[in-house]
Amino acid sequence: MQTDLPPFDPKDFLKTVPHKPGVYRMLSKDGKILYVGKAKDLKNRLSSYFRGTPTHSRIFAMVKQICNVEIAITNTEAEALLLESNLIKQHSPRYNILLKDGKGYPYIHVTAGEFPRIEFYRGSRKQPGQYFGPYPSVGAVRQTMHLMKKLFKARQCEDSYFANRSRPCLEYQIKRCSGPCVGLIEKQDYDQSIRHAVQFLQGRTQEAIDELVQKMGNAADTLNFEKAAEYRDLIESLRHISQQQYVSGSNGNVDVVAICVGSGLACVQVFTVRNGNNLGNRNFFPKLPDEEVSTPDILGSFLAQYYLNHDVPGEILVSETPDEPEVLADMLTLKQGRKVVIRHPQRGERSKWVELAQRNAEQALQMQVLSRAGVQQRMFALQEALSLDGLPARMECFDISHTMGEATVASCVVFDLNGPVKAEYRRYNIEGIQPGDDYAAMYQALTRRFRRAIEQEGKRPDILFIDGGKGQVTQALDVLHELQVLGVNVIGVAKGEGRKPGLETLIIEQGTGRLALPEHSAALHLIQQIRDEAHRFAITGHRARRQKARTQSPLEQIEGLGAKRRQVLLQQFGGLKAIERASVEELAKVPSVSQALARKIYDFFNGDES
C-alpha cells in the first residue's frame, strides 16, 4: 500500500543540495513540472526561492505551489543550460518562457550518385549528399530551386521517375532540365552544372562566373558561338542574382535576432544569412508567463530553445544583450562543436542589419497587438451596448438555410474572447417539418443543441444570437424555458430595409425590446461578423446537402427496393420518368417486383405515401 509523501520542507531539502552547477525542476502536488531552471550553484539559487517572501509576484505564486524539487548535477553551467532548454522543450512548464516552433527550417539537398538531384529537404540530414540552408521559409527554398532550374538545368525529379524515362519530359522541352535521364547531356558536362550550382548555393558565385567566362572564351575561340552565347547569358544572370542577394561585408554564417516587447506580447525576428546571402526572416511569438519578465530573460530563453532544433551559425547578432550571454555562448558552442559568438553591434554594417530586424519585429508585434486589440475593443463595445455585467466568454449564433424548403440546414457558430472557435461549429439537418417553416426549423435545432448540453453537461453560451426577428427569438425563448436553461441572453438580429448592412435591429429584453446601434458601432460590427459567419456556415451545409440529394435517385428512398431491383426497373422502363408514370399493374409485371412493392412505388410518386 502506497503511503502519502511527507509535506515538502524547504529547509530539510536545502541541506541535501550541493554547491555545484545543475538543473532543478519544481513540481506541484500532482507531480506536474511548474518550472525548470539552471544554476551555476544549485544551493545558492534554490535557497533564494525560500529565503523570506519573494518580491516578484510570479515567483511568489509559483513557490506556494511547490511540493517537491528535483535536481540534476552537471559538470558546467553551459551543460546545465543545454539540459534546461531540453527539459523546457519537453515538458512546457507553466512558469517558463516557451517557444512554439513546430517544424525545422527547410534545406536544399544535392544528392549523391551518378547524376545528382537537387531537392527540397526537411528532416534529419542523414542521407548522403550536400545540404544548403537552413532557409527561413518553404517559399524561399522553392524560389531558389526554380531559379536553379533556369540557370543550371539540373534535374529535380524523383529517382524512380528518372530511372524509368525513355524520352525527355516537359522540363527538358521548356529548357529547365538538360535531360540526363535519356543521355542528352554528357556526364562530364552535367557534373560541371552541378559544381556551378553548388558554388552558387555556397555563395561562391564569383568563382562560378570566372570559370564560365573562361569557358565562354574557349567556345568563341573554337567558333562555337551558340555555346558561347549560352555561357554569356548564364554569366549575366548570375551577376544580376549576385547583386540582388549579396549582403555587403558578410563573411561566414550569421543569424540576426531582434526582440520587441509590448502589450503583454513578445516578438522575436530571426534573419538568416548564409555565405553572404540573406535567406529571409521569420517571426516568433514566445508564450510568456502570466507575470512580467525582463526582455533579456525572454531573449536568452528564446535563443537557448530555438537552437536546440536549428543549426547554430558562428556568429549571432542580437538587438540587445540576452541574460547570461557568456553561458549561452558556451552552451551553443558545446551543442555545435565549434566556437559561437553572440554580439550586440553598436556601429558598422552589422548594426544596420540589427536595426532592420528590429524594425521588422516592431512591425510584426504591432500587427499582432492590433489584431487582438480589435477583438477586445469590439467585445468591450458589445458589453457596453447591451449593458452586460461582464465580457461574454462564449457567444453562439444560429441561422437557417434552405431553397424553397428543400434540404433545410441549421448552423451554429461559436465565438469567444479571441474570435471564432471553429472546432465547436455545428450543423443540424432538419427533418420532419413543413418545408419552408423556419420557426419549426429553429425550434428543432435549438432543442437538439440544448438538450444535448443538458444531457452531457456541455458548455452553454452567455449570449445566443438568432438570425431573425421576434418570431425566431420566441422560438429560442420557448426552447430555453421548456428545457429550464437559465442565464442565456437571447438576442435576435433582424435585417433592416433592403437587407442592407448597418440597418439591423436587435431584438432584446426577452423579445419585448428593440435596439438600433449606430452604423459605425464596434458592437454592431462584431454582431454582423458573428451573424455573417453563421449565414456562411449554414449556406455551405445546405448546398452540400442539396447537391447530395440531387445526385441521389428517388428510388433509393423506397423501402424494400434494393440496388438490383432499381436496376431492373430502370432497364425495363428506360428511365425514371417512365417509372413515375407507370401504373401499379405495369410495375408488378417487372420480375422480382411484387404487387405490394408495386403499390408502394406507385404511391411514392403519386403522393399517396403515408
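Author: Let us begin with Ser-401, which stands opposite Val-409 in E13. Please keep in mind throughout that this is a predicted model.

Reader: Which strand pairs with E13 there, and over how many bridges?

Author: That is strand E12, residues 394-403, which pairs with E13 in the antiparallel sense over nine bridges. The two strands make a hairpin that has two residues between them, and in this hairpin Met-404 takes a positive phi near 55°.

Reader: And what is the bridge partner of Val-409 in E15?

Author: In E15 the partner of Val-409 is Asn-429, while Val-409 also has Ser-401 standing opposite. Strand E15 covers residues 426-429, and its pairing with E13 is antiparallel over four bridges.

Reader: Which residue of E14 is the bridge partner of Asp-416?

Author: The partner of Asp-416 in E14 is Gly-419. Strand E14, residues 419-420, runs antiparallel to E13 and is joined to it by two bridges, and these two strands form a hairpin with two residues between them.

Reader: Why is E13 described as largely enclosed by the rest of the structure?

Author: Strand E13 spans residues 406-416, and nine of its eleven residues are buried, so the strand is largely enclosed by the rest of the structure.

Reader: Changing topic, I was looking at Glu-119. Where is it placed, and is it buried or exposed?

Author: Glu-119 is in strand E5, which covers residues 118-121. Its relative accessibility is 11%, and because buried means under 20%, Glu-119 counts as buried.

Reader: Which residues is Glu-119 in contact with, once its neighbours within four places in sequence are left aside?

Author: With those neighbours set aside, Glu-119 is in contact with Tyr-107, Ile-108, His-109, Thr-111, Gln-127 and Met-145. For orientation, strand E4 covers residues 107-111, and it pairs with E5 in the antiparallel sense over four bridges. Within that pairing, Tyr-107 has Tyr-121 of E5 as its bridge partner.

Reader: What is the order of the strands in that sheet?

Author: The sheet is open and has three strands in the order E5-E4-E6, with antiparallel pairing. The edge strands, each pairing on one side only, are E5 and E6, the latter being residues 129-132. From one strand to the next, the twist averages 30°.

Reader: Which helix lies across those strands?

Author: Helix H8, residues 187-201, lies across E4, E5 and E6, and it runs at about 155° to E4.

Reader: Now the aromatics: how many aromatic pairs does the structure hold?

Author: The structure holds twelve aromatic pairs. In one of them, the ring centres of Tyr-24 and Tyr-35 are 6.2 Å apart and the planes are at 35°, so this pair is tilted. It links distant parts of the chain, with Tyr-24 in strand E1 (residues 22-27) and Tyr-35 in strand E2 (residues 33-39), eleven residues apart. Both Tyr-24 and Tyr-35 are buried.

Reader: And why does the pair of Phe-284 and Tyr-306 count as edge-to-face?

Author: The ring centres of Phe-284 and Tyr-306 are 5.5 Å apart and their planes are at 75°, so the pair is edge-to-face, the cut-off for that class being over 60 degrees. Here too distant parts of the chain are linked, since Phe-284 is in strand E9 (residues 277-284) and Tyr-306 is in helix H11 (residues 295-306), 22 residues apart.

Reader: Which charged residues sit over rings?

Author: Among them is Arg-155, whose charged end sits over the ring of Phe-162, 4.2 Å from its centre. Another is Arg-449, which lies over the face of Phe-450 at 4.7 Å from the ring centre.

Reader: Last one: where is Leu-212, and how far apart are the C-alpha atoms of Leu-212 and Tyr-231?

Author: Leu-212 is in helix H9, residues 205-221, and at 1% relative accessibility Leu-212 counts as buried. The C-alpha atoms of Leu-212 and Tyr-231 are separated by 6.2 Å, although the two residues are 19 residues apart along the chain.

Key. Residues numbered from 1 in each chain as written. Predicted model: local features only at pLDDT ≥ 70, side-chain atom pairs only at ≥ 80, totals over all residues. Heavy atoms only, no water. Buried < 20%, exposed > 50% of the residue type's maximum accessible area, 1.4 Å probe, protein only. Contact = heavy atoms within 4.5 Å. Pairing = 2+ DSSP bridges. Axes fitted to C-alpha atoms, helices over the stretch in contact; angles between N-to-C directions. Phe/Tyr/Trp six-rings, centres within 6.5 Å; stacked < 30°, edge-to-face > 60°. Lys NZ or Arg CZ within 6 Å of the ring centre and 35° of its normal.
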